[in-house]
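Please open the model in your viewer and keep the selection tool at hand. The stops below say what to select next and what is there.

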Amino acid sequence: MKNFLISLYTGIKLRERPHGRRISPIATLRGDVNIGKYTYVSSFADIRGIGSTTRIGSYCSVARGVKIMSSGQVHAVDAISTFPFYLIDHDLKRTDFMVRKGDVVIGNDVWIGADAIILPGVRIGDGAVIGAGAVVTKDVEAFQIVAGVPAKALRMRFSAAVCEAISASKWWERDYSDLKPFIHRIYAHGQDREEGMQETLALLTRAG
Ligand SMILES: CC(C)(COP(=O)(O)OP(=O)(O)OC[C@H]1O[C@@H](n2cnc3c(N)ncnc32)[C@H](O)[C@@H]1OP(=O)(O)O)[C@@H](O)C(=O)NCCC(=O)NCCS
């Protein structure tokens, strides 16, 4: 029985949506949630855009169990009670209860590790990495790797020059068919890669 349940869980495939997005049929997306092209959202992810908007860029990886919260998940901690009385009294409106936070804005090519939690109003820059199980309470810079509870910076992915060159290339605005000729270069990794990356970005720019 346990093995059957595990195979059911791991066997549920991401479902392809328009613009190459892939969303697991057992992920929950509720409210005003905008997702860019090719981004995938894995099983048991729970993304809310209630009372504020949640925007996720293109080519993002959203792992299993990730939770992205919006204003709808904020109870007022400075009131006499945090209880959502609108649940038991239909004369009350949910919107009156909500504590408004800003939108969650997640850039492009962001990798969010399994079971990470993104709190309402957080902004995450392009190319950032969120460690598994992190609780992200503050904004994350582009190309920064953060992890832990609360999430703290581990390091930047690249030198400032390469971060700038990748940002300037805006490769994530392109369709995959434009990237495909360069894909092995884009994917290459390992030590001393920065020079090769600059070459690849220059090739991409020329091809654009
Ligand atoms: C965040 C992550 C990318 C960092 O990888 P990395 O750069 O190779 O980092 P390292 O393994 O060298 O670890 C660096 C330090 O961060 C800590 N660390 C790494 N990941 C962590 C995490 N998720 N939470 C807390 N601390 C973490 C390590 O313990 C280490 O600490 P130390 O310097 O005190 O020893 C990776 O650990 C991670 O969480 N990946 C997500 C995997 C995942 O969820 N995949 C889902 C399928 S897509």
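Begin by colouring the two domains: where they meet, 13 residues of domain 1 are in contact with 6 residues of domain 2, two residues being in contact if their C-beta atoms, placed from the backbone, lie within 7 Å. On the side of domain 1 that touches domain 2, the residues divide into 5 nonpolar, 5 polar and 3 charged; here Ala, Val, Leu, Ile, Met, Phe, Trp, Tyr, Cys and Pro count as nonpolar, Asp, Glu, Lys and Arg as charged, and the others, Gly among them, as polar. To make the selections, take 2-157 for domain 1 and 158-208 for domain 2, bounds that come from an automatic or database domain assignment. The C-alpha centres of domain 1 and domain 2 lie 27 Å apart.

As you select, keep in mind that this is a predicted model, in which local features need pLDDT of at least 70 and side-chain atom pairs count only at pLDDT 80 or more, while totals for chains, interfaces and linings use all residues. Residues are numbered from 1 along each chain as its sequence is written.

Next, show the strands. Helices (H or I, at least four residues) and strands (E, at least two) are DSSP runs, numbered from the N terminus, and two strands pair if DSSP finds at least two bridges between them. An open sheet of 8 strands can be followed in the order β1-β2-β4-β6-β9-β12-β14-β15, and its pairing is mixed. Its edge strands are β1 (15-16) and β15, each of which pairs on one side only. From β1, step across to β2 (residues 22-23), which pairs with β1 in the antiparallel sense over 2 bridges; Arg-15 stands opposite Ile-23 in β2.

Now select β5 (residues 46-56), which pairs with β3 (residues 28-35) in the parallel sense over 7 bridges. Thr-28 has Asp-46 in β5 as its bridge partner, and Asp-46 also stands opposite Lys-67 in β7. Strand β7 (residues 67-68) and β5 pair in the parallel sense over 2 bridges. Further along, 3 bridges join β5 to the parallel strand β8 (residues 104-106), where Val-104 is the bridge partner of Thr-54.

Which residues are around the ligand? Select Ser-61, Ala-63, Gly-113, Ala-114, Val-129, Gly-131, Ala-132, Gly-133, Ile-145, Ala-147, Gly-148 and Leu-154, where a residue is near a molecule if its C-beta atom, placed from the backbone, lies within 6 Å of it. This shell divides into 7 nonpolar, 5 polar and no charged residues.

The last stops are in loops. Select Asp-115, in the loop between β9 (111-112) and β10 (117-118); phi of Asp-115 is near 65°, a positive value in a residue other than glycine. Is Asp-115 buried, exposed or partly exposed? Asp-115 is partly exposed, because 17 other C-beta atoms lie within 10 Å; a residue is buried if 20 or more other C-beta atoms lie within 10 Å of its own, exposed if 12 or fewer, and partly exposed in between, with C-beta atoms placed from the backbone.

Move on to Lys-170, in the loop between α3 (160-169) and α4 (176-179), where phi is again positive, about 45°, although Lys-170 is not a glycine. Lys-170 has 13 C-beta neighbours inside 10 Å and therefore counts as partly exposed.

Finally, select Val-149 and Pro-150: the peptide bond from Val-149 to Pro-150 is cis, with omega near -10°. Pro-150 lies in the loop between β14 (144-147) and β15 (152-156).
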